[in-house]
Amino acid sequence: MSNKLYFMVRILFFMMLISSYCFSQDNDSIATVYAQKKDSANSGNTIKTRQIDDVVITGTIKAVSRSKSPVPVEIYSQKFFRKNPTPNIFEAIAMVNGIKPQLNCSVCNTGDIHINGLEGPYTMILIDGMPIVSSLSTVYGLSGIPNSLIDRIEVVKGPASSLYGSEAMGGVINIITKNALTAPRFSTDLMTSTWSENNIDVSTRFNLGKTAASLLSMNYFNFSRKIDDNKDNFTDAALQNRISVFNKWNFRRQENRMASFALRYLYEDRYGGEMQWNRRYRGSSEVYGESIYTNRVEAFGLYQWPVKEQVITQFSYNYHTQNSFYGSNPYEATQKVAFVQTYWNRSFGKHDLIAGLTFKKTFYDDNTPGTLSADGMVNEPMKSPILGAFVQDQWEINNKHTLLLGYRYDYDRIHHSVHSPRLAWKFSPNPYHALRVNFGTGFRVVNLFTEDHAALTGSREVVIRSDLKPERSVNGNINYIWKIPAGKRMVNLDASVFYTYFSNKIVGDFDSEPDKIIYDNLHGYGISRGASVNAEYSFDFPLSFNIGISYLDVYQKFDHEPKKVQQLHAPKWSGTYAFTYRFPNALTVDFTGQVYGPMRLPVLPDDYRPEYSPWYTLANIQVSRSFDSGFEVYCGIKNLLNFTPKDPLMRPFDPFDRYVDDPVNNPKGYTFDTAYGYAPMQGIRGFLGVKYTLK
């Protein structure tokens with residue numbers, strides 16, 4: 001701890017040096033700026049706002065101005081996420097209100113992303129509009145997407161199955177990568193922390209004549225220091241050694257037709273477990289460790305046909321292998337997903353019509369019962385081709401009303417025909433108000449062993465009650481945006497209410513038997529409902545804030561039972577906050593964080609640990625300074641209040657359950673369990689980084 005405190009003191013001293021330099025060098029410029037602001041304030045009463053009508057693609061598959069889209073789309077730039085620098089998407093997305101990156105294992109730190117309280121498999125992750133992040137890669141692959149690739153992230157909360165198919169029941173997160181034609185010529189970002197987390201991003205752009213440009217990017221992340229601050233003999237955070245290489249090509253074509261192609265490779269070696277573990281114990285029952293090797297290749301692109309009509313083909317392919325041990329239990333899996341989509345876009349008067357065809361083929365094989373034949377004698381990899389067709393009409397009735405009607409048809413050889421209608425309506429009486437109403441249905445075909453990490457750890461036996469049927473849902477949400485004049489600027493309010501009804505919902509029963517997870521279609525129904533509000537404002541002086549609050553009520557109701565059962569890891573209340581103060585000489589202070597209310601946790605029978613987590617916040621502060629030369633220096637403190645969960649592991653001293661049947665020392669029959677953790681085990685820590693950009 002003394003080393004950490006020493007590093008904190010050095011960082012705070014570094015902050016003070018920067019601040020003193022700024023104020024000593026730029027007193028005249030500060031006075032000039034405030035004088036200019038005063039003169040500007042006396043010159044007129046025009047409202048100052050930087051409202052930009054961004055172009056979005058996620059809600060309607062084609063580029064459309066955000067103000068005209070009947071589907072509410074939230075946009076977050078890379079600059080927004082740099083208020084709290086992180087090495088990957090999984091950690092960064094926590095800054096978005098209503099989205100929670102959930103750690104599902106306190107040992108290997110696997111995670112998924114929840115939108116409006118729905119579990120991770122209901123969230124579709126796209127890269128440049130392509131379903132690159134397949135179900136197997138959601139287990140660990142989200143931490144392998146570096147922030148250096150991002151131009152912006154678009155978020156659609158609510159029904160999207162009519163455009164994107166199975167996984168889009170709860171919402172879509174579309175990661176838009178940088179355009180090689182406009183990316184900086186060179187950029188690098190080096191960051192380290194007091195926990196010895198080292199992250200390196202390097203990218204360069206080069207042109208091939210006047211018609212093509214290529215962006216080559218490399219990310220390397222290394223965390224190899226074993227830390228056990230809570231003294232349970234288990235690593236507080238999983239050790240990771242990860243490299244990602246990304247290459248994207250963009251082409252200039254006649255009549256501004258689009259064309260791009262990208263490749264990405266990811267390798268990761270991840271481990272969490274007992275402090276004395278090393279590689280010679282991998283797969284053994286002597287020392288407990290969870291060791292995962294991941295190899296992943298992605299290819300995706302877009303091509304607009306050279307014809308008079310607007311016809312666009314998008315394609316993607318990913319190959320993912322995982323070689324892992326959870327204690328002595330092996331898990332080896334391979335997944336290959338090929339996807340192609342062609343759509344036609346044409347305007348007819350006030351109607352904008354899109355029609356398209358899709359084909360997706362998934363190959364999945366592993367060493368679990370999930371790919372065995374019905375008699376359990378022969379390995380039968382899953383080969384799942386799905387054909388789809390969709391049509392969408394966006395009708396601009398007048399300058400106040402826009403109506404969107406959509407329908408998708410999918411055919412799967414096991415579940416046959418699946419229908420997904422969609423309706424969206426936007427009413428905007430003036431530039432200050434916009435009301436959007438969205439309704440749709442969704443479906444999801446589940447592979448437990450690729451989506452639920454609890455089925456892999458080996459700490460509980462997996463029981464599947466019957467042949468699992470695909471889940472169905474009916475979704476609806478209402479979104480209201482109100483721009484309120486406040487002095488010479490605007491307060492932006494964005495409020496939503498949402499409701500999802502599930503049938504055939506697949507749930508894991510952690511409660512009936514302590515040593516088992518029992519999966520079955522829900523004999524009843526599931527509900528996810530709630531509301532969220534975002535507020536954003538920039539003062540006349542250089543202070544701005546972004547605050548969000550969400551209320552969730554996510555539960556299952558079983559037949560013939562009077563009580564509803566709250567979903568695990570879904571807090572009733574949550575929120576985000578980001579405050580930024582900019583000094584006139586390019587010095588910036590950011591204070592960011594998340595707040596979470598009590599959430600139900602997977603406790604064991606007669607568990608001494610509380611069933612609900614406490615209120616807690618993960619707060620961060622950063623000081624950064626940019627220079628005209630292209631350099632930027634930043635430093636700060638993460639988890640400022642030093643919050644970590646208590647007792648995330650049950651019986652960490654007996655991870656192989658050798659002494660469970662001891663009536664004297666274990667009278668309640670507790671077993672080793674990793675599912676209780678609800679927040680990162682990383683306490684307060686400092687970070688320091690330098691960034692350089694050559695435009």
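A salt bridge is a side-chain nitrogen of Lys or Arg within 4 Å of a carboxyl oxygen of Asp or Glu. Keep in mind that the model is predicted, so local features need pLDDT of at least 70 and side-chain atom pairs count only at pLDDT 80 or more, while totals for chains, interfaces and linings use all residues. Residues are numbered from 1 along each chain as its sequence is written, and side-chain values use heavy atoms, with hydrogens and water left out.

**Salt bridges**

- D128 forms a salt bridge with K248, and their closest N and O atoms are 3.2 Å apart.
- D128 sits in the loop between strand 6 (123-127) and strand 7 (150-157), and K248 in strand 12 (residues 239-251), so this pair ties together parts that are 120 residues apart in sequence. Strands here are DSSP runs of E with at least two residues, and helices are runs of H or I with at least four, numbered from the N terminus.
- D128 is buried at 18% relative accessibility, and K248 is buried at 6%. Buried means under 20% relative accessible area, exposed means over 50%, and partly exposed is in between (1.4 Å probe, protein chains only).
- R242 and E268 also meet in a salt bridge, at 2.7 Å from N to O. R242 lies in strand 12 and E268 in strand 13 (residues 259-273), so the pair ties together parts that are 26 residues apart in sequence.
- Both R242 and E268 are buried.
- R257 and E255 form a salt bridge at 3.3 Å, N to O. R257 is buried at 14%, whereas E255 is exposed at 66%.

**Paired strands**

- Strand 17 (residues 351-366) and strand 18 (residues 382-396) pair in the antiparallel sense over 14 bridges. Two strands pair if DSSP finds at least two bridges between them.
- K360 stands opposite I386 in strand 18.
- Strand 18 is also joined to strand 19 (residues 401-412) by eleven bridges, and the two run antiparallel. They form a hairpin with four residues between them.

**A buried asparagine**

- N97 is found in the loop between helix 4 (89-92) and strand 4 (99-103), and N97 is buried with a relative accessible area of 2%.
- The N97 side chain makes a polar contact with the side chain of N534 at 3.1 Å. A polar contact is a pair of N or O atoms within 3.5 Å; within protein, one must be able to donate a hydrogen and the other to accept it, and residues adjacent in sequence count only if both atoms are side-chain atoms.
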